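Please brief me on the cavities, pockets, strand pairing and backbone features of this model. Plain sentences grouped by topic will do.

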Amino acid sequence: MMSQHAIRLAIAILAFILLPGCAHYIVNDRSQNFDAESGYRFDALDRSELNSDSLFVCLMFSGGGTRAAALSYGIMESLSDTVIRVDGQDKRLLDEVDCISSVSGGSFTAAYYGLFRERLFEDFEGRFLERDVQGALAGRLFNPVNWARLASPYFSRIDMAAELYDRDLFDSATFEQLQRNGRPFVILNATNLGVDRRFDFTQEYFDALGSRLDSYPVSSAVAASSAFPFLLTPISLKNYPLAEGYNAPWWYKGAIRPASWTSERYNAAKNLSVYLDKENRYIHLMDGGLSDNIGARSVLNAFDRGFIRTRINEGAIRQLVLIVVNARTQSEDQLSRSEKPPGFFTVAAKAGTVAMDNYSYDSVTKLREALYTRVQTQMNDQACAALLSTQCPNAPEPIAFAADIDPYVIEINFEQASQIPGEKPRYYLDMPTSFTLSKEQVKKLVAIGPKLLKAAPQYQCMIKVLAAEAESKPRPEECPVGAGIYTND
């Protein structure tokens, strides 16, 4: 027999699906004047004295409800506890984090740290991780006061969720506070349902909407990033006329040519053109996991043509560290052991996750390939320069990179728990995607994060290289440049 809690939850889910509330009040403000130097964009953010460009760290937090939020929180704790020495300064590895790209459940951790910094380690567990968020949403749904609001064309289930996050978690903060705090640059990812493409809550995207991001509630952006289909409705934005003086990004005009249609830059330009087309008067956003459940595409774009590329071209970055926190689960295969084909709900669940998981894998692969290509090019240039110096000493020196980079791609996932004594991957891989977990589950998720991070060979190489540099010692032989991209086995 079902428990009373389970019955209430089932009724709540059904009510979420059937109750009205298909529209909501749009709260993004119009921008009158364009300013490429202001707004919530990476180049407008200050960095602390402990943050250097020479060690450039970006984190990616995947979707997966409270499970993803807890795993990413555990990684943040580990970065806070890890002391390194860079450019003669002792600091935490967390102090060197420059950007966080997040999706769905991971967006709660990313936004909370971006807004409140050290408070993350003081009260985030109690305010969010250990809280029954699903129950709180259901409670608001059963409140008769909200029934009339949900019947209004200007209030929907997503507004109810955003209100809860705004009041109980984010303290009514807007993106202006994120901007004042400086680095890390927090990129909250959602999905534009009109064109099935990723949407970033950054000023560059809002510039194309003729809108201001500084006054937009962080809670609404997180609600959009985590708006699971059917249970929640979309967050909508208004696409205003362009602000006076608007100029498209430098890479846009050259990339939109039909001849470039196979390039990543062309794809990004086509995405931006959706918002520059003012016939598209409204933008409807849902769960970021529908277009990129790992949060890697924003970082890949920054490496291709954005703030990471700019600093590489300037020779500012020596070590580029990308940490992917993937809370993906995988139930044990029982289908292949049964003659009976799977039923409707099983097929529906698979249809909704198989493509997402494969796309996430491809995104991380693209990150590795892009960095591997860079390392190979650096090695080829060094070899050519050495050959010229011996064979043609009077030949002009070839044009070199401003600086060589030493890249690392560190992926954290539950399958790697098999490498840790006493841990069983199946415990984590079977964990549900929901916004309510037991305290024991939260505790184990938080604890496994640092263990997974420290067990990763790419992470171990990074720590060894940083330690050797701090002590002016030779680079460890087992960690040549490029060893931080792939495993050595």
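This is a predicted model: local features need pLDDT of at least 70, side-chain atom pairs count only at pLDDT 80 or more; totals for chains, interfaces and linings use all residues.

Residues are numbered from 1 along each chain as its sequence is written, and side-chain values use heavy atoms, with hydrogens and water left out. The chain has 489 residues, of which 51% count as buried; buried means under 20% relative accessible area, exposed over 50%, and partly exposed in between (1.4 Å probe, protein chains only).

**Whole chain**

- The secondary structure comes to 18 helices and 12 strands; helices (H or I, at least four residues) and strands (E, at least two) are DSSP runs, numbered from the N terminus.
- Of the contacts with a separation of 6 or more, 80% are between residues 24 or more positions apart, where contact means heavy atoms within 4.5 Å.
- The accessible surface is about 22,800 Å², and carbon and sulfur atoms hold 54% of that area; areas come from the Shrake-Rupley method with a 1.4 Å probe, and for residues only the protein chains shown count as cover.

**Cavities**

- Two cavities of 30 Å³ or more are present in the structure.
- On a 1 Å grid over the protein atoms alone, a cavity is a set of points where a 1.4 Å probe fits but cannot get out, a pocket is an open set with protein on both sides within 12 Å along at least five of seven lines, and lining residues have an atom within 4 Å of a point.
- Grid points are joined across faces, edges and corners, and a volume is the space filled by probe spheres set on the points.
- The largest cavity has a volume of about 60 Å³, and its lining consists of Arg127, Phe128, Arg131, Val133, Ala136, Leu164, Tyr165, Asp168 and Leu169.
- Helices H4 (120–129), H5 (133–142) and H7 (157–168) each supply at least two residues of the lining of the largest cavity, with H7 giving the most, three residues.
- By class, the lining of the largest cavity has six nonpolar, no polar and three charged residues; Ala, Val, Leu, Ile, Met, Phe, Trp, Tyr, Cys and Pro count as nonpolar, Asp, Glu, Lys and Arg as charged, and the others, Gly among them, as polar.
- The second largest cavity, about 40 Å³ in volume, is lined by Val299, Leu300, Phe303, Ile308, Leu320, Leu322, Leu367 and Leu371.
- Two or more residues of the lining of the second largest cavity come from each of helix H13 (296–305), strand E11 (319–325) and helix H15 (344–391), and H13 has the largest share with three residues.
- The lining of the second largest cavity has eight nonpolar, no polar and no charged residues.

**Second largest pocket**

- The second largest pocket has a volume of about 1,000 Å³.
- It is lined by 39 residues, and the closest to its centre are Glu204, Tyr205, Trp251, Arg305 and Gly306.
- Among the elements that each supply at least two residues of the lining of the second largest pocket are strand E6 (185–192), strand E7 (197–200), helix H9 (203–208), H13 and H15.
- By class, the lining of the second largest pocket has 17 nonpolar, nine polar and 13 charged residues.

**Strand pairing**

- E6 pairs with strand E10 (residues 282–287) in the antiparallel sense over three bridges; two strands pair if DSSP finds at least two bridges between them.
- Threonine 191 has methionine 286 of E10 as its bridge partner.
- Strand E9 (residues 235–238) and E10 run antiparallel and are joined by four bridges, and lysine 238 has tyrosine 282 of E10 as its bridge partner.

**Backbone features**

- Most residues other than glycine have a negative phi, and most peptide bonds are trans.
- Arginine 183 and proline 184 are joined by a cis peptide bond with omega of about 10°, and proline 184 lies in the loop between helix H8 (175–181) and E6.
- Arginine 117 has a positive phi near 50°, sits in the loop between helix H3 (105–116) and H4, and is buried at 19% relative accessible area.
- Serine 472 has a positive phi of about 55°, is found in the segment after helix H18 (457–470), and counts as exposed at 70% relative accessibility.

**Phenylalanine 201**

- Phenylalanine 201 is in the loop between E7 and H9 and counts as buried at 0% relative accessibility.
- Leaving aside neighbours within four places in sequence, the contacts of phenylalanine 201 include Tyr40, Phe175, Leu188, Phe206, Leu237 and Leu285.
- Phenylalanine 201 and valine 186 are 15 residues apart in sequence and 8.8 Å apart in space, C-alpha to C-alpha.
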